[in-house]
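Subject: Structure handover

Hello,

Here is the structure you asked to look at. Please open it beside this email and follow the notes below.

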Amino acid sequence: MSDNTNSICDEQAFDHFFKNHSKLLRNYIYYKFGDLDQAEDVVQEAFIKLWNNCAKVSLDKAKSYIYTIANNLSISNTRHEKVKFKHKNYITQRKTDVNHESPEFMILEKEYLEQLKNALAELTDRQREVFLLNRIDKKTYKEIAEISGVSVKTIEKLMHKALVVLRQKVGNV
């Protein structure tokens with residue numbers, strides 16, 4: 001038996017590993033994040049990353065590797081979807097609030113909200129996430145840093161960049 005059969009780079013070893021672990025990994029991601037389509041996509045992506053990095057990942061570390069990759073991808077996807085969802089809901093909620101203002105005010109508000117929506121769409125995902133967490137969910141920079149796993153200084157910089165873009169596009173926010 002050659003050394004290659006103990007390597008995840010060996011096609012038979014990889015195929016065997018995939019058959020033994022892909023279904024359980026898919027179920028784990030599905031149970032944790034609640035989206036079967038996303039779980040299947042994430043499992044495929046995790047195994048592709050494993051194959052592309054097979055020379056760096058030993059067979060005994062492969063299981064831990066795919067679970068870590070799949071979990072991180074899912075967290076990233078979920079974070080992105082939550083930001084999009086909150087942004088969409090915020091704009092929708094603002095449009096449907098009962099308003100007893102003049103028709104001119106309502107037209108101006110609609111135009112402003114459209115500008116705001118377009119400006120938010122131009123932010124990077126990270127900038128939009130930080131801005132919405134701070135301004136909509138009322139999270140402090142420290143709380144956002146803890147959620148995101150980065151420093152408060154990073155959050156401050158992201159928020160500053162978001163505010164610069166938004167002020168250029170829609171004025172004071």
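Is tryptophan 51 buried, partly exposed or exposed? Tryptophan 51 counts as partly exposed, because its relative accessibility is 33%. Here buried means under 20% relative accessible area, exposed means over 50%, and partly exposed lies in between (1.4 Å probe, protein chains only).

Some notes on reading the model. This is a predicted model, in which local features need pLDDT of at least 70 and side-chain atom pairs count only at pLDDT 80 or more, while totals for chains, interfaces and linings use all residues. Residues are numbered from 1 along each chain as its sequence is written, and side-chain values use heavy atoms, with hydrogens and water left out.

Overall picture

The protein has seven helices and zero strands. Helices (H or I, at least four residues) and strands (E, at least two) are DSSP runs, numbered from the N terminus. Of the 173 residues, 32% are buried. Contact means heavy atoms within 4.5 Å; among contacts with a separation of 6 or more, 63% join residues 24 or more positions apart.

Aromatic pairs

A search of the whole structure finds five aromatic pairs. Rings of Phe, Tyr and Trp (its six-membered ring) pair if their centres lie within 6.5 Å; planes under 30 degrees apart count as stacked, over 60 as edge-to-face and the rest as tilted. Phenylalanine 14 and tryptophan 51 form an edge-to-face pair, with 4.9 Å centre to centre and 70 degrees between the planes. Phenylalanine 14 lies in helix H1 and tryptophan 51 in helix H2, so this pair ties together parts that are 37 residues apart in sequence. Phenylalanine 14 counts as buried, because its relative accessibility is 14%.

Tyrosine 28 and tyrosine 67 form a tilted pair, with 5.4 Å centre to centre and 55 degrees between the planes. Tyrosine 28 is in helix H1 and tyrosine 67 in helix H3, 39 residues apart. Tyrosine 28 is partly exposed at 33% relative accessible area, whereas tyrosine 67 is buried at 18%. Ring pairs also link Phe14, Phe17, Phe18, Phe47 and Trp51 into a cluster.

Cores

A nonpolar core is a set of buried Ala, Val, Leu, Ile, Met, Phe, Trp, Tyr and Cys residues joined through side-chain atoms within 4.5 Å. The largest one has 19 residues, and those with the most contacts inside it are Ile8, Phe17, Leu25, Phe47, Leu50 and Ile66. Helix H1 (11–33), helix H2 (36–52) and H3 each supply at least two residues of this core. Apart from it lies another core of 17 residues, including Leu116 and Ile155.

Valine 130 lies in helix H5 (residues 125–135) and is buried, with a relative accessible area of 0%. Beyond its neighbours within four places in sequence, valine 130 is in contact with Ile144, Ile155, Leu158 and Met159.

Ile144 is one of the buried residues of helix H6 (residues 141–148), along with Ala145 and Ser148. Seen down the axis of H6, the buried residues fall within an arc of 100 degrees, so they line one face of the helix. The arc is that of the directions from the helix axis to the C-beta atoms. On the other side of H6, Lys142 and Glu146 are exposed. Glycine 149 follows H6 and has a positive phi, near 75 degrees.

Regards
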